Amino acid sequence: MGADVAVGGASNSSVPIRRSPTYYEIPAPPELDWRPYRSPFYAEYRREWDRRGSEGDPGEAPLHLDLDLTSRCNLRCLMCPRTWFLERGETSWAPGGPGDMDPGLFRETASEGARLGARSVKMNFLGEPLLHPHVVELVAYAASLGLWVMMNTNAVLLSPALSRDLLEAGLTDVFFSFDSPYREEYERIRRGASYDRTLSNIRAFMEAKEALGLRYVQTRASMVLPEDPAGRGRAEVDYVRLFRDLGVAEVGFGLPTVMGRDYAPLNGGLDFVCPDLFRRVFVFHDGVAGPCCGDWERRLVVGDARKSSVSEIWKSPAYERLRSRHLAGAFAEVPACLCCSVPYLSTAGGDGGGSRGGAGRHAAGRRP
């Protein structure tokens with residue numbers, strides 16, 4: 001994946017694109033656009049991503065794998081569910097305690113997913129993937145399968161040497177989580193991180209990407225917006241300026257999920273279908289599989305990659321029942337879905353997003 005050959009035109013719009021009702025993005029300017037340098041298969045993959053979500057068609061296998069290399073993290077960010085659970089002594093998110101995915105399990109799951117037709121893999125869920133001792137090796141393995149290899153990172157551990165190793169291994173998409181353009185606010189939110197050092201790491205990554213001539217590599221910086229809309233406007237402008245100056249292609253903004261808030265009353269009466277049920281599966285560091293990036297308490301387990309194949313998990317009775325409930329307009333009958341923030345944020349989040357199956361039915365999803 002990633003032959004550096006131009007195949008299409010660049011995006012030149014500075015108008016925000018709402019990728020889902022809970023997330024919007026400032027697209028890359030022409031000089032930073034990575035899409036023209038990707039294979040035409042990438043555009044086909046994204047079309048299929050959108051089609052599955054809008055039509056409620058799971059196909060025969062997942063289109064995308066989320067494999068959580070580790071549930072460990074080097075930060076305790078204020079808005080992170082992992083932090084929230086740790087501070088309350090909750091263990092449901094990692095019943096055996098935080099840990100790393102066995103490299104053999106990663107290889108087996110990724111290779112079967114690729115054989116079945118998966119096009120991409122993201123290397124994390126609740127943890128910081130750069131903490132995994134074999135992260136470079138596993139990126140290389142996933143790339144060797146022909147997968148687009150994606151990673152969210154807080155970039156605190158992203159040294160110049162590691163940046164180059166990851167890029168040479170085949171990392172195709174990196175999403176920097178950096179939650180304020182202002183030093184004091186950033187360090188208040190991302191507890192344990194240094195604003196200047198982390199920006200230096202991101203700058204070094206961008207320089208390594210440029211030196212290697214990897215124009216097809218996608219870079220994105222994203223932040224969770226403050227809950228109060230009054231605090232957003234200036235921060236958005238300064239955030240875009242900060243990362244454009246570093247050469248980062250896209251800049252994204254997500255609506256906040258407030259941990260501890262009961263979203264069930266806010267979701268009452270909504271007609272909601274989650275499109276991610278039809279295109280991706282999550283495998284946590286210990287092999288337990290789920291359908292959702294927001295089911296931190298593992299209430300929607302659909303299988304176990306240590307005991308079942310990817311195909312068996314994808315077609316499991318638990319996963320099929322969950323899809324059927326959503327397609328029948330009965331997401332609220334699933335307690336974990338009723339308590340999710342995404343249905344509510346899909347209606348409160350503004351002007352974007354998809355709909356399917358009738359007026360008022362919202363398909364939110366979260367972009368990998």
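**Reading the features**

Analyst: Cys-340 is buried, at a relative accessible area of 17%; buried means under 20% relative accessible area, exposed over 50%, and partly exposed in between (1.4 Å probe, protein chains only). The model is predicted, so local features need pLDDT of at least 70 and side-chain atom pairs count only at pLDDT 80 or more, while totals for chains, interfaces and linings use all residues. Residues are numbered from 1 along each chain as its sequence is written, and side-chain values use heavy atoms, with hydrogens and water left out.

User: How many disulfides does a search of the whole structure find?

Analyst: A disulfide is a pair of cysteine sulfur atoms within 2.5 Å. The search of the whole structure finds zero. Cys-339 is in no disulfide, the nearest cysteine sulfur being that of Cys-340, 9.0 Å away. For the sulfur of Cys-340, the closest cysteine sulfur is in Cys-292, at 5.4 Å, which is too far for a bond. Cys-339 is partly exposed, with a relative accessible area of 32%.

User: How many helices and strands does the protein chain have?

Analyst: Helices (H or I, at least four residues) and strands (E, at least two) are DSSP runs, numbered from the N terminus. The protein chain has 13 helices and 16 strands.

User: What radius of gyration does the protein chain have, and what would a compact globule have?

Analyst: The radius is taken over C-alpha atoms, and the globule rule is 2.2 Å times the number of residues to the power 0.38. For 368 residues a compact globule would be near 21 Å; the protein chain has 19 Å, which agrees. The C-alpha trace spans about 50 × 45 × 45 Å along its principal axes. Buried residues make up 55% of the 368.

User: What share of contacts joins residues at least 24 apart?

Analyst: Contact means heavy atoms within 4.5 Å. Among contacts between residues at least 6 apart in sequence, 74% join residues at least 24 apart.
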